[in-house]
Amino acid sequence: MSSDAFQHREATVNGIRMHYVEAGEGEPVVLLHGFPESWYSWRHQLRALAGAGYRAIAPDQRGYNLTEANGPYDTETLQADILCLMDHLGIERAHVVGHDWGGAIAWLLAMQHGDRLRSLTVCNLPHPAVFRKGVRRPRQALRSWYVLFFQVPWLPERLLAAQGYHRLARMMIRECRPGTFTKDDIREFLAGWRRQGLSGGINWYRAVFRHPPRIPDPVPLVTVPTLLIWGDEDRYLGRELTEGTEEYVANLRVEHLPGVSHWVQQEAPDEVNRLLLDHLAAAGQ
């Protein structure tokens, strides 16, 4: 399926104008990207899902690419964005897939709004309760240094924009297998970053310090079928953050991809697509 088959649409949801991309027809699958990406990070999955008979929906989340960069950016609001988009599309329940920050929103949706999910798939983002414990360890705290840096006003935006965002693009390229990103891919990301900068995405990090996610005690059990896919060469989140997830998830499958970086669904699309389609088929039964 070519990119011409992607349908670009806009909707006003939760007080903002949101851009999203659709492909295919069938059971809905909502794909949530991370920082500093956009709907485009799911291009391989959009094609695979549509080809397998699913309705794949990938929004630009609040503050990214073609979606308005208006706050607030707390996790309650970010969850409401996705629920309102589902309501707009007439979707009562969906398979939800998230990577990085999109994975955080996906976890929270499963914990707090599990009745709206058919299944959960998360790529390289630990369960919030596991991360809360893990980030206290020195090694993970060092890996997460940029989260503290992003609390500084205006400077992170200025540094990421240096050299027209080419430095950021080179960082992503260096971390992945050769050939992960084509010239067209890089042009797409650069255009998205240049449209309105990355303040919106950085404000997600600032908001999480000011308004941490509300996780009840005891932690709600995730009851929908859950797949955790992990690229083991993630520079930012250690492999050990997958350990202990079974304490919080009733029906969990964890799949490690050795030699794959944080950008797992783009670096290893065939492996991720196979795991994802198997998971959705099993959840559908």
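I started with the largest pocket, which is lined by 24 residues. Trp101, Phe131, Val147, Val208 and Pro213 lie nearest its centre. I note here that this is a predicted model.

I looked up the volume of the largest pocket and found about 730 Å³. Which helices supply its lining? Helix 3, helix 4 (128–134), helix 6 (145–149) and helix 10 (199–210) each give at least two residues. I then sorted the lining by residue type. For the largest pocket I got 20 nonpolar, two polar and two charged residues.

**Second pocket**

I moved on to the second largest pocket. Its volume is about 570 Å³. I found 22 lining residues, and Trp145, Tyr146, Leu160, Met171 and Tyr236 lie nearest the centre. Helix 5 (138–143), helix 6, helix 7 (155–160) and helix 8 (166–175) each supply at least two residues of this lining. Which helix gives the most? Helix 8 does, with five residues. By type, the lining of the second largest pocket holds 15 nonpolar residues, one polar and six charged.

**Helix 3**

I went back to helix 3, one of the helices that line the largest pocket. Helix 3 covers residues 101–112. From first C-alpha to last, this 12-residue helix reaches 17 Å, close to the 16 Å expected. Is helix 3 largely enclosed or largely open? I counted 11 of its 12 residues as buried, so helix 3 is largely enclosed by the rest of the structure. Among the buried ones are Trp101, Gly102, Ile105, Leu108 and Met111.

**Cis peptide bonds**

Next I checked the peptide bonds. Phe35 and Pro36 are joined by a cis bond, with omega about 0 degrees. I placed Pro36 in the loop between strand 3 (27–32) and helix 1 (43–51). Asp217 to Pro218 is also cis, with omega near 5 degrees. Pro218 sits in the loop between helix 10 and strand 7 (226–231).

**Positive phi**

Last, I looked up phi at two residues. Asn14 is not a glycine, yet its phi is positive, about 50 degrees. I found Asn14 in the loop between strand 1 (7–13) and strand 2 (16–23). Its relative accessible area is 33%, so Asn14 is partly exposed.

Trp154 is not a glycine either, and its phi is about 55 degrees. I traced Trp154 to the loop between helix 6 and helix 7. Is Trp154 buried or exposed? Its relative accessibility is 55%, so I noted Trp154 as exposed; the cut-off for exposed is over 50%.

Technical notes: Residues numbered from 1 in each chain as written. Predicted model: local features only at pLDDT ≥ 70, side-chain atom pairs only at ≥ 80, totals over all residues. Heavy atoms only, no water. Helix = DSSP H or I, 4+ residues; strand = E, 2+ residues; numbered from the N terminus. Expected span 1.5 Å × (residues − 1). Buried < 20%, exposed > 50% of the residue type's maximum accessible area, 1.4 Å probe, protein only. 1 Å grid on protein atoms, 1.4 Å probe; cavity = no way out; pocket = protein on both sides within 12 Å on 5 of 7 lines; lining within 4 Å. Points joined across faces, edges and corners; volume = space filled by probe spheres on them. Nonpolar A, V, L, I, M, F, W, Y, C, P; charged D, E, K, R; others polar.
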